Amino acid sequence: MDFAYTDIQNVIKESLERTCKYFDDQYWLRIDESGEFPEEFYQKMATDGWLGICIPEEFGGSGYGVLEAAIMMRAISESGAGMSGSSSIHINIFGLKPVEVYGNKEQKERMLLPIVTGSEKACFGVTEPDAGLNTTQLKLRATKVGDRYRVNGQKIWISTAQVADNILLLARTTPLEEVEKSTEGLSLFYTKLDRQKVHIREIAKMGRHAVDSNELFFDDFEIPETDLIGEEGKGFNYILYGLNPERILIAAEAIGLGMAALRKASDYARERVVFNRAIGKNQAIQHPLAASWAELQATWLQVLKAAWLYDKGLPCGADANAAKYLAGEAGFKACERAVMTHGGFGYAREYHVERYLREIMIPRIAPVSPQLALCYIAERVLNLPKSY
């Protein structure tokens, strides 16, 4: 067991830290206030080759694993970019895994390279208003008409749809009542997002204003059959291939944001003088911050383990869910404690920690709730009966 980063992993971490210095606190404060997509940051990540870190070299990427991607996403979030920065490129890192694994050669060549170069942006269309995390109950319908699929229905909480060129879309091609298993009859597509046939409505939300979240309404939206990934009806199984990497990466981002919050809190505690002494001398300040550091450090080991298992092709569902659960909780505690360390100034935008607290709610809630992550572990590891 070796806890040291490889030379390549150290280069990834150090390179990202240098690059992210160009995008300082004021940059992220500005785009949070304006709500504009961090295009300059996104293009810098593309120019430097980071968007294809997990994509095979034959399709323009770097061919590294999810472990290297986790190191990358933690470094971005920890720089102060938080979820505003990491979410802007999040889907580039894991989202097209199903295309990479199940797409044909023509699809891989056509779909992957534009993501690597940053010439095209993508969004991920799975969640629906009535289904939530119960993916097998999706109602968005794709009906085959000749050599095309006609799509009608709705999706919700779709990130980056305002700026996306393409969408990775899960739709039901066979009605639920006509399949033997609820996981059957769902198909996966990666296709152009035709805004003439898809109405996109942005959702006003608590945080991460620079990366949009949306409701999508499909009205006779057409997809050519050449954009069907793999076989019709097997999309649920394909989408699972991207879920564990997503949990691992969002856990890394939560840890990075928690560490950024601790850095701000520690800096402030050393400088802030109350009753003629720095507040950092008080154990009531020291101990909560130290406890958060310990929790984040321990959770990082869980993230690395889950990523290592995934890259080795070993079962990692329980470890990925554990990493996501632990990181969401530890990150939240760290951000909350950073605000409390600042006292009243923690409520002021200019000190940045209030943004961290708003943004840390994302990895705590999504892409799977903490309760469902625990249900997975209870059922798959502890062999307890299904509770829902």
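## The largest cavity

Cys54, Ile55, Asn92, Ile93, Phe94, Gly95, Leu96, Lys97 and Glu100 line the largest cavity of this predicted model. A cavity here is a set of points, on a 1 Å grid over the protein atoms alone, where a 1.4 Å probe fits but cannot get out, and lining residues have an atom within 4 Å of a point. The space inside comes to about 40 Å³; grid points are joined across faces, edges and corners, and a volume is the space filled by probe spheres set on the points.

Helices α4 (66-94) and α5 (97-102) each supply at least two residues of this lining, and α4 gives the most, with 3 residues. Helices (H or I, at least four residues) and strands (E, at least two) are DSSP runs, numbered from the N terminus. Sorted by class, the lining has 5 nonpolar, 2 polar and 2 charged residues. For this sorting, Ala, Val, Leu, Ile, Met, Phe, Trp, Tyr, Cys and Pro count as nonpolar, Asp, Glu, Lys and Arg as charged, and the others, Gly among them, as polar.

## A second cavity

The count comes to 2 cavities of 30 Å³ or more. The classes are 5 nonpolar, 3 polar and 1 charged.

## How the model is read

Residues are numbered from 1 along each chain as its sequence is written. In this predicted model, local features need pLDDT of at least 70 and side-chain atom pairs count only at pLDDT 80 or more, while totals for chains, interfaces and linings use all residues; side-chain values use heavy atoms, with hydrogens and water left out.

## The nonpolar cores

Which residues touch the most other members of the largest nonpolar core? Met72 and Ile76 do, in a core of 93 residues. Helix α7 (residues 235-271) gives the most to this core, with 18 residues. Apart from it lies another core, of 20 residues, among them Ile158, Ala171, Leu193 and Phe221. A nonpolar core is a set of buried Ala, Val, Leu, Ile, Met, Phe, Trp, Tyr and Cys residues joined through side-chain atoms within 4.5 Å. Buried means under 20% relative accessible area, exposed over 50%, and partly exposed in between (1.4 Å probe, protein chains only).

Not counting residues up to four places away in sequence, Ile76 touches Leu16, Cys20, Phe41, Met45, Ala81, Gly82, Gly85, Ser86 and Ile89. Contact means heavy atoms within 4.5 Å.

## Strand β5 and its partners

Strand β5 (residues 186-192) has 6 of its 7 residues buried, so it is largely enclosed by the rest of the structure. Strand β4 (residues 166-172) pairs with β5 in the antiparallel sense over 7 bridges, and Ile167 stands opposite Thr191 of β5. Strand β8 (residues 228-229) also pairs with β5 in the antiparallel sense, over 2 bridges; there, Leu188 has Ile229 as its bridge partner. Two strands pair if DSSP finds at least two bridges between them.

In helix α11 (residues 370-380), the residues Pro370, Ala373, Cys375, Ala378 and Glu379 are buried. Their cover includes α9 (317-342) and α10 (353-365).

Pro129 sits in the loop between β1 (122-125) and β2 (141-145). Pro129 touches Gln154, Lys155 and Ile156, not counting residues up to four places away in sequence.

Technical notes: On a 1 Å grid over the protein atoms alone, a cavity is a set of points where a 1.4 Å probe fits but cannot get out, and a pocket is an open set with protein on both sides within 12 Å along at least five of seven lines; lining residues have an atom within 4 Å of a point.
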